[in-house]
Amino acid sequence: MDYFVQALRNNPELAVFLTLAIGFLIGRVKFGSFSLGIVVGTLLAGVLIGQLDIKVPAIVKTIFFDLFLFTTGYKVGPQFFRGLKRDAIPQMALTVVLCVSCLLTAFGFAKLLGYDVGTAAGLLAGAFSESTVIGTAGQAIQRLANPDAEKTALLNNIPVAYAVTYLIGTASLVWFIPTIGPKLMRINLREEGARMQAEIAVAAELEPGVVSATKFTDIRAYRVTNPDLVNKTVAELEALPKDIRVFIVRIRHRGEIIESAPTSVIHQDDVVAVLARQEVHVGRGSRIGPEVDDKALLDIPVESLDVVVTNRSLVGKTIVELARLEFARGVFLRTLTRAGQEIPISTMTRIDRGDVLHLIGTKPEVERAVKEVGYPDRPTTTTDMVFVGTGIVLGGLIGLLSVTVADIPLTLTASGGALIMGLVFGWLRSVYPFFGRIPEPAIWIFDTVGLCTFIGVVGLSAGPSFVSGLQKTGISLVVVGFVSALLPHTIGILFGRYVLRMEPLIVLGACAGAGTITAALRAVQDEARSSVPALGYTVPYAIGNILLTAWGPVIVALMTIGK
């Protein structure tokens, strides 16, 4: 045992990796449908291992925190700037009201109960599920003129308050938003979900590596025997059904295979390869004639490809308007992703710049559509580290600039600057997607492992004083964390529904986004049996991430004014 302890003390990097391993293990444990999550799990693991008095250089957590913040900005950048557009003003207004309520609630309780600056920052970070506040508030505390011992005590109080209030806040909001939220708006969530979902068509989520047995689109061969279809061009036949999209992609005429064109004429007993949704084949395929097995005719290369929307002329168009454009012939939209969140697809869903469209169709048609829509986001494992490194450096230089208010120097800090530059670079990536690519697995590493490493080091540093701090403030923090979490979201729901007149499901999705609580969005979707709440999630999530992170130094300034 002495060898093990000494090894961790002499080689703190081993303690960091041990903290991550145990933290992720704790985060996987479920109590019914609730789990602590990997962030809290890593914090608790760090606190536990920190009892061995492990000293980890502060620069370690700073590096990983900067990487995490830049990636956060990168992910939400396009939606953050979209929030500045007129059609997103209601969601932006709700987010601002909710986030300001979060700040004032935490500040009010901290002053009322006499909490110190560190405990107040931990309350803000935990009750509102925003771990980044730990870093931004901690950096603000480091700049105070207090003695070093006092600053260390304040810094150690942040994870204590965070650990207690995060558990209470997250668990209560995952219950509150889908359960009490609808009652505040006087609606039945299931009925509202059924009403709005009736117009939505979106694929169900499956486990990674698992695909649905149901085909979204299919190509089948039919012998043309219906006299109403004979001697008509492909363009005329494709235009006949007014409510569905059907495309003739190949023709076998007198034994010869012909690539179809809009002017191609269909003759009696020709065999046509038809591309359509599966339900169209089942319901209407027999109207063409008998289905035949023609392997050579059906040997058509089909492509499934993600495309980033960059064409400004397409921004704001609905799915129906997009489908009517010439380049959309022979191409189907499978999914639409915005800020990493899959968006429900309906006839009135509007396209935004930076959206990722998953297109399916014959390879020539998909490639033609890509040239008109934007940039093909083909699978790759390479991260543009020139882009990442430059962004963090530029952001850090900007963040180091400071403004003095009431004799207190206010600054974004280098980490806050990395977040801001992440927003800008993420937006630039959505506009010019031929550079700055960060693949999803790399985003997961930068985002999840970056945050957890930072939190783990915080736990290791605070470990020796964690238990005493918890004994001092734990009981009151349980109650305060519960009330602090629910009050701003109550205000947000009432404001969104009765002042802004937003749709109920959008209000609930926006509150989950503004509070950056993805688990609450999942709970609302599960309870409503609808994916519609995701439409209100992305813009508030982007703005909420920025505002709540910015509140770190703000609450430190508020708590120290007059002292």
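Student: How many of the 11 residues of helix H7 (residues 132-142) are buried?
Tutor: This is a predicted model, in which local features need pLDDT of at least 70, side-chain atom pairs count only at pLDDT 80 or more, and totals for chains, interfaces and linings use all residues. Residues are numbered from 1 along each chain as its sequence is written, and side-chain values use heavy atoms, with hydrogens and water left out. Helices (H or I, at least four residues) and strands (E, at least two) are DSSP runs numbered from the N terminus, while buried means under 20% relative accessible area, exposed over 50% and partly exposed in between, with a 1.4 Å probe and protein chains only. The buried residues of H7 include Val133, Ile134, Gly138 and Gln139, and the helix is mostly covered, the number buried being 10.

Student: Which residues does Ile134 contact, leaving aside its neighbours within four places in sequence?
Tutor: Ile134 is one of the buried residues of H7, and it is among those with the most contacts inside the largest nonpolar core, which has 90 residues. Such a core is a set of buried Ala, Val, Leu, Ile, Met, Phe, Trp, Tyr and Cys residues joined through side-chain atoms within 4.5 Å. With contact taken as heavy atoms within 4.5 Å, the partners of Ile134 are Ala125, Ile158, Tyr162, Phe454, Ile455 and Val458.

Student: How many nonpolar residues does the contact of H6 with H20 have?
Tutor: The axes of helix H6 (residues 117-127) and helix H20 (residues 538-560) come within 10 Å and cross at roughly 145°, where axes are lines fitted to C-alpha atoms, for helices over the stretch in contact, and angles run from 0 to 180 degrees between N-to-C directions. Val117, Ala120, Ala121 and Leu124 of H6 meet Trp551, Ile555, Val556, Met559 and Thr560 of H20. Ala, Val, Leu, Ile, Met, Phe, Trp, Tyr, Cys and Pro count as nonpolar, Asp, Glu, Lys and Arg as charged, and the others, Gly among them, as polar. On that basis the contact has one polar residue and no charged residues, and its nonpolar residues number eight.

Student: What is the strand order of the open sheet of five strands?
Tutor: Two strands pair if DSSP finds at least two bridges between them. The edge strands, each pairing on one side only, are E7 (256-259) and E10 (291-292). The pairing is antiparallel, and the order is E7-E6-E9-E4-E10.

Student: Why is E4 described as largely enclosed by the rest of the structure?
Tutor: E4 is largely enclosed because its own buried residues number six of the seven.

Student: What separation lies between the C-alpha atoms of Val373 and Val309?
Tutor: Val373 lies in helix H14 (residues 363-373) and counts as buried at 4% relative accessibility. Not counting residues up to four places away in sequence, Val373 touches Val307, Val308, Val309, Thr310, Asn311, Leu314, Phe327 and Leu357. Val373 and Val309 are 64 residues apart along the chain, yet their C-alpha atoms are separated by 5.5 Å.
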